[in-house]
Amino acid sequence: MRLSGVIGQPRAVAQLEDELEAGRLAHAYLFAGPRGVGRTTTALALFAAANCEQPEGGQACAGCGSCRRIAAGTHEDLIVLEPPSAARSSQIKVEAVREAIRATGFAPFAGGVRLILIKQAGHLNPASANALLKTLEEPPPNNILVLTVSDPKELLPTLVSRCRKVNFMPLTPEQIQAELERRGEAPEEARLKAGLAGGSLGRALELDTAVLRHDLERLLGRLHGGGALEDWSFADKLVGDHRGSGGIDREGISQALDLLALHFRDAAVSAAGRPELACLPAAGPAHDISAACAAFARVRRAQGQILGNAAPELALVVLLGELKEAAVHG
Ligand SMILES: [Zn+2]
């Protein structure tokens with residue numbers, strides 16, 4: 001786990017390497033950027049570099065006892081706090097924060113630096129944030145706090161102002177594809193996942209392309225079948241498939257439409273004479289560029305409505321109707 005091995009974050013890595021080399025590490029960092037782009041990996045790589053018993057040119061050696069315990073997730077000076085689930089209501093409780101803060105009262109067990117990593121720090125409740133604030137005002141030596149957030153606005157300004165900010169960027173599809181292939185994914189699958197991942201390697205790794213392809217086939221099947229009534233029952237079924245105990249999974253429905261958007265995007269690049277830019281193996285039906293772009297925009301608009309507060313069934317039925325009509329008249 002080396003800083004030099006972090007993918008696609010050269011500025012963040014250079015900043016941390018410089019600060020580590022100069023002995024100017026902050027006692028608290030805010031790692032800000034989208035989910036799945038390497039914030040946790042970078043925090044662990046920084047922790048490894050700061051504790052390595054035989055560092056090589058500022059990089060962790062990956063072979064010493066400290067590096068091995070970090071890789072195995074068993075290092076005694078690593079404390080990780082995170083919300084119990086991804087649900088918006090899920091909170092990092094004040095008891096967990098207090099326990100981590102108590103640990104900072106003791107010198108790190110291994111004699112190096114302790115890392116307290118607070119993932120998705122936007123889930124700190126007000127009591128937790130206040131407890132943390134006191135530690136940030138008078139930080140004990142040899143403790144580094146790293147808070148990860150998608151957007152600093154998720155945190156109280158008083159917390160943000162006490163942390164040194166490091167920005168993380170979305171990855172490019174090429175970087176994601178290369179990493180997936182390095183992990184053994186077939187090039188065609190890797191390309192498809194990279195195209196759908198929205199810059200997040202974490203999301204690419206979670207994608208189940210078999211399910212997505214099945215959803216795409218169902219959607220394309222509907223475009224070739226008539227009848228508003230059938231569209232309604234199709235939409236009811238699709239929304240029902242994404243209904244859980246926490247209500248409708250709007251994100252899941254939107255993801256089901258991602259492949260349809262990609263389908264029209266592929267049609268557009270193929271029509272533009274650049275089929276090598278397509279992500280889906282099978283070429284879409286012959287569209288002219290403007291029809292394909294309009295269809296792509298319609299899908300994206302429906303996704304926006306679904307992620308907002310629109311009734312998802314209605315948004316789907318309207319989308320299907322528009323796409324069918326465009327195909328007839330286009
Ligand atoms: Zn080492």
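Me: Is the crossing of helix 10 and helix 12 left-handed or right-handed?
Reply: Helices here are DSSP runs (H or I, at least four residues; strands are E, at least two), numbered from the N terminus. A crossing is left-handed if the near helix is turned anticlockwise from the far one by less than a right angle, and right-handed if clockwise. Helix 10 passes helix 12 in a crossing that is right-handed.

Me: What kind of model is this?
Reply: Residues are numbered from 1 along each chain as its sequence is written. Local features need pLDDT of at least 70, side-chain atom pairs count only at pLDDT 80 or more, and totals for chains, interfaces and linings use all residues, since this is a predicted model.

Me: At what angle do helix 10 and helix 12 pack, and how are they oriented?
Reply: Axes are lines fitted to C-alpha atoms, for helices over the stretch in contact, and angles run from 0 to 180 degrees between N-to-C directions. Helix 10 (209-224) and helix 12 (250-271) have axes 8 Å apart and an angle of about 70°. Angles under 35 degrees count as roughly parallel, over 145 as roughly antiparallel, 65 to 115 as roughly perpendicular and the rest as oblique. Helix 10 is therefore, to helix 12, roughly perpendicular.

Me: Which residues of helix 12 make the contact with helix 10?
Reply: Contact requires C-beta atoms, placed from the backbone, within 7 Å. Helix 10 contributes Leu-212, Asp-215, Leu-216 and Leu-219. Helix 12 answers with Ala-256, Leu-259, Leu-260 and His-263.

Me: What is the bridge partner of Arg-114?
Reply: Strand 3 (114-118) and strand 4 (143-149) pair in the parallel sense over 5 bridges. In strand 4, the partner of Arg-114 is Asn-143.

Me: How far apart are the centres of domain 1 and domain 2?
Reply: Domain bounds come from an automatic or database domain assignment. That assignment gives domain 1 (3-167) and domain 2 (208-329). Taken over C-alpha atoms, their centres are separated by 40 Å.

Notes
Contact = placed C-beta atoms within 7 Å. Pairing = 2+ DSSP bridges.
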